[in-house]
Amino acid sequence: MDHSHMDHSHMDHSDMGHGDMGHGNMPMPMCSMNMLFTWDTTNLCIVFRQWHIRGTTSLVFSLLAIIAISAGYEALREGIRRYESAVAAKQDAAPSEPNTENTTLLGVGRSSQADAIGRRAQIVKAVLYGVQNFYAFMIMLVFMTYNGFVMLSVAIGAGLGYYFFGSHTKAVKETACH
């Protein structure tokens with residue numbers, strides 16, 4: 001059915017319940033997504049739309065949070081290293097079994113108690129590895145705002161984290177992202 005001949009210009013749609021949808025006449029600021037390096041913080045969103053920088057105060061608190069988050073990653077890595085050391089010490093302290101014809105080449109001298117410790121620890125280490133990788137990639141997403149202030153905060157947090165938590169590791173990293 002063709003309605004092109006009907007004139008709807010006289011119809012008023014203002015009372016149809018749409019109103020201003022609770023935003024007044026002010027448009028909602030959109031998150032800016034920069035793909036090039038910038039120092040501009042206008043409408044900067046960090047990873048999530050809800051983490052929206054709206055002024056100097058929110059910028060300062062966000063940068064401090066990013067420093068803490070980046071330092072926390074180094075704390076997590078140190079915690080995992082300590083857990084692995086504790087597991088190795090428990091396995092070494094477990095009584096060893098004498099060599100018999102039934103022991104395999106890989107399990108010579110290891111007790112079933114040490115093997116059980118290793119199996120349980122492997123599950124925990126797998127979960128910790130997943131958490132560590134998730135954490136690292138989230139920091140990478142924060143860095144990928146390409147905002148200079150945010151990028152510096154990630155680097156400062158990583159440096160402080162290494163200073164406070166990385167005393168048992170080399171300063172050279174094996175991989176770039178985790």
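What follows is a short account of a nonpolar surface patch, the aromatic pairs and the disulfide.

This is a predicted model, in which local features need pLDDT of at least 70 and side-chain atom pairs count only at pLDDT 80 or more, while totals for chains, interfaces and linings use all residues. Residues are numbered from 1 along each chain as its sequence is written, and side-chain values use heavy atoms, with hydrogens and water left out.

**Nonpolar surface patch**

- Phe-37, Trp-39, Phe-149, Leu-152, Ile-156, Leu-160, Tyr-163, Phe-164 and Phe-165 make a nonpolar surface patch of about 960 Å².
- Such patches are made of residues with over 30% relative accessible area and no salt bridge, where nonpolar side chains (Val, Leu, Ile, Met, Phe, Trp, Tyr) are joined within 5 Å and like charges within 9 Å; a salt bridge is a side-chain nitrogen of Lys or Arg within 4 Å of a carboxyl oxygen of Asp or Glu.
- Accessible areas come from the Shrake-Rupley method with a 1.4 Å probe, and for residues only the protein chains shown count as cover.
- Leu-160 lies in helix α3 (residues 148–165), helices being DSSP runs of H or I with at least four residues, numbered from the N terminus.
- Leu-160 counts as partly exposed because its relative accessibility is 37%, where buried means under 20% relative accessible area, exposed over 50% and partly exposed in between.

**Aromatic pairs**

- Rings of Phe, Tyr and Trp (its six-membered ring) pair if their centres lie within 6.5 Å, with planes under 30 degrees apart counted as stacked, over 60 as edge-to-face and the rest as tilted; by this rule the count comes to four aromatic pairs.
- The Phe-37 and Trp-39 rings have centres 5.4 Å apart and planes at 90°, so this pair is edge-to-face.
- Phe-37 is partly exposed at 49% relative accessibility, and Trp-39 is partly exposed with a relative accessible area of 44%.
- Tyr-163 and Phe-164 also form an edge-to-face aromatic pair, with 5.1 Å from centre to centre and 80° between the planes.
- Tyr-163 counts as exposed at 65% relative accessibility, and Phe-164 counts as exposed at 57%.
- One aromatic cluster is formed by Phe-37, Trp-39 and Phe-149.

**Disulfide**

- With a disulfide taken as a pair of cysteine sulfur atoms within 2.5 Å, the count comes to one disulfide.
- Cys-31 and Cys-45 form a disulfide with their sulfur atoms 1.9 Å apart, and the link is left-handed, with -70° about the S-S bond.
- Cys-31 counts as partly exposed at 32% relative accessibility, whereas Cys-45 is buried, with a relative accessible area of 12%.

Note on methods
Helices (H or I, at least four residues) and strands (E, at least two) are DSSP runs, numbered from the N terminus. Buried means under 20% relative accessible area, exposed over 50%, partly exposed in between (1.4 Å probe, protein chains only).
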